[in-house]
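Trainee: Could you take me closely through one part of this model, and then follow its connections outward into the rest of the chain?

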Amino acid sequence: MLARRPRQIAMVVANSDVERASACNKLIASGYDPLGFSDCANASAWLEEETPVLAVVSDDLGADCAELTSTLEERGLKMRPFSGCGLRDVHHLRNLARS
């Protein structure tokens, strides 16, 4: 029996339930294990213990996410803000995560 490769954890931060669910579903279809957060405070708390391979952060969260984005950048995570997170964006992020 072949061993399954562990799924890579992705972070989704969006205050819209619809946007968050859509991004998570697209990441699952692309082979990731996404964790969705509705605000930057909870996402930042999770980052105290973990680091995702990629992050999708909604661009409508405002300045409250400065600490979150700074932490992700300090860890060398390539990240881009997206609105609506289309499948094209997920593929782009996957390519960024590999580089």
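Mentor: At 14% relative accessibility, Arg20 counts as buried, where buried means under 20% relative accessible area, exposed means over 50% and partly exposed lies in between, all with a 1.4 Å probe and protein chains only. This is a predicted model, in which local features need pLDDT of at least 70 and side-chain atom pairs count only at pLDDT 80 or more, while totals for chains, interfaces and linings use all residues. Residues are numbered from 1 along each chain as its sequence is written, and side-chain values use heavy atoms, with hydrogens and water left out.

Arg20 forms a salt bridge with Asp17, the closest N and O atoms being 2.4 Å apart; the term stands for a side-chain nitrogen of Lys or Arg within 4 Å of a carboxyl oxygen of Asp or Glu. A search of the whole structure finds one such salt bridge.

Helices here are DSSP runs of H or I with at least four residues, and strands are runs of E with at least two, numbered from the N terminus. Helix α1 covers residues 17-29, and at 1.5 Å a residue its 13 residues should span 18 Å, which agrees with the 18 Å between its end C-alpha atoms; the expected span is 1.5 Å times one less than the number of residues. Buried in α1 are Glu19, Arg20, Ala23, Cys24 and Leu27. Seen down the axis of α1, these buried residues fall within an arc of 125°, so they line one face of the helix, the arc being that of the directions from the helix axis to the C-beta atoms. On the other side of α1, Asp17, Val18, Asn25 and Ala29 are exposed. Just after the helix, Gly31 takes a positive phi of about 95°.

From that buried face we can turn to the cores, each a set of buried Ala, Val, Leu, Ile, Met, Phe, Trp, Tyr and Cys residues joined through side-chain atoms within 4.5 Å. The largest nonpolar core has 14 residues, and Met11, Val13, Leu68 and Leu72 have the most contacts inside it. The elements β1 (8-13), α2, β3 and α3 give two or more residues to this core, and α2 gives the most, with four residues. Apart from it lies another core, of eight residues, among them Ala23, Cys24, Leu27 and Val56. Cys24 itself is buried, with a relative accessible area of 13%.

In α2, the buried residues are Cys40, Ala43, Ser44, Trp46 and Leu47. Seen down the axis of α2, they fall within an arc of 160°, so they line one face of that helix. The buried residues of α2 pack against β1, β2 (32-37) and α3. Leaving aside its neighbours within four places in sequence, Leu68 is in contact, meaning heavy atoms within 4.5 Å, with Met11, Val13, Cys40, Ala43, Ser44 and Leu47.

Cys40 also forms a disulfide with Cys65, their sulfur atoms 1.4 Å apart, under a rule that takes a pair of cysteine sulfur atoms within 2.5 Å. The pair links distant parts of the chain, 25 residues apart, with Cys40 in helix α2 (residues 40-47) and Cys65 in the loop between β3 (54-58) and α3 (66-74).
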